[in-house]
Amino acid sequence: MKEAQRSDRQDGGFIVSQCYYALPTTSNSVVLNVTLAGESGGAVSPRKFWEDTFGKAEREGKDKASSEREREKKAKERGAEGEEEEAAPPEKIAGLGDEAFWIASRVGGALYVLKKDLFFRISVGGAGDEKSKLKKSKTLAQRALKRI
């Protein structure tokens, strides 16, 4: 690690602490965001936000899988050209925190982990496919969980 930079912000009733871990090759750097409940009386708990976000995504993922053939048929009828790429649904990851999800993207992905009443997000850069980035993210998440 070359250096670490921390920043905190209030965001939607939450306190979000971000650590950017700079590595000698910038593209290999790591970002860790930790989301805690804000200090205001009406703040939503991170666990409730998690359940609203990932619970809905998980239900939609199940519905999505059951209707996959129908969407493929409609796409063929319209023609694949000009059609927007759909985002991959969150993938549930077993054995991390109270619950964890991986959200893949074309440039990598991010691992979200819930523990107690906070959650964190890990995003690793650099070369490698989605599988290797998930593996690196899981290793880092296991280390972070030891400190919570």
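Aspartate 52 is partly exposed, at 41% relative accessibility, where partly exposed denotes the range between buried (under 20% relative accessible area) and exposed (over 50%), computed with a 1.4 Å probe on protein chains only. The model is predicted, so that local features need pLDDT of at least 70 and side-chain atom pairs count only at pLDDT 80 or more, whereas totals for chains, interfaces and linings use all residues. Residues are numbered from 1 along each chain as its sequence is written, and side-chain values use heavy atoms, with hydrogens and water left out.

Aspartate 52 forms a salt bridge with lysine 48, with 2.8 Å between the closest N and O atoms. A salt bridge is defined here as a side-chain nitrogen of Lys or Arg within 4 Å of a carboxyl oxygen of Asp or Glu. Lysine 48 is partly exposed as well, at 42% relative accessibility. Both residues belong to helix α1, where their spacing of 4 residues amounts to about one helical turn. Helices (H or I, at least four residues) and strands (E, at least two) are DSSP runs, numbered from the N terminus.

In total, the structure holds 5 salt bridges. Another of them pairs aspartate 98 with arginine 47, the closest N and O atoms lying 2.5 Å apart. This pair links distant parts of the chain, 51 residues apart: arginine 47 is in helix α1 (residues 46-66), and aspartate 98 is in the loop between β4 (91-92) and β5 (99-105). Relative accessibility is 41% for aspartate 98, which is partly exposed, and 27% for arginine 47, also partly exposed. A salt bridge also joins the side chains of arginine 6 and aspartate 8, at 3.1 Å from N to O. Arginine 6 is exposed, with a relative accessible area of 59%, while aspartate 8 is partly exposed at 48%.

In soluble globular proteins, nonpolar side chains tend to be buried together. The largest nonpolar core in the model has 16 residues, and those with the most contacts inside it are Ile93, Leu96, Leu111, Val113, Phe120, Ile122 and Ala141. At least two residues of this core come from each of β3 (30-37), β5, β6 (108-115), β7 (118-124) and α3 (130-145). A nonpolar core is a set of buried Ala, Val, Leu, Ile, Met, Phe, Trp, Tyr and Cys residues joined through side-chain atoms within 4.5 Å. Beyond its neighbours within four places in sequence, isoleucine 93 is in contact (heavy atoms within 4.5 Å) with Ala100, Phe101, Trp102, Leu111, Leu134 and Lys138. Another core, of 7 residues, lies apart from the largest one and includes Trp50, Phe54, Ala110 and Tyr112.

The whole structure contains 7 aromatic pairs. Rings of Phe, Tyr and Trp (its six-membered ring) pair if their centres lie within 6.5 Å; planes under 30 degrees apart count as stacked, over 60 as edge-to-face and the rest as tilted. Tryptophan 50 and phenylalanine 101 form a tilted pair, with ring centres 6.0 Å apart and planes at 50 degrees. The pair ties helix α1 to strand β5, across 51 residues in sequence. Tryptophan 50 is buried at 1% relative accessibility, and phenylalanine 101 is buried with a relative accessible area of 1%. Phenylalanine 54 and phenylalanine 101 are stacked, their ring centres being 4.7 Å apart and their planes at 5 degrees. Phenylalanine 54 lies in helix α1 and phenylalanine 101 in strand β5, 47 residues apart in sequence. One aromatic cluster is formed by Phe14, Phe49, Trp50, Phe54, Phe101, Tyr112 and Phe119.
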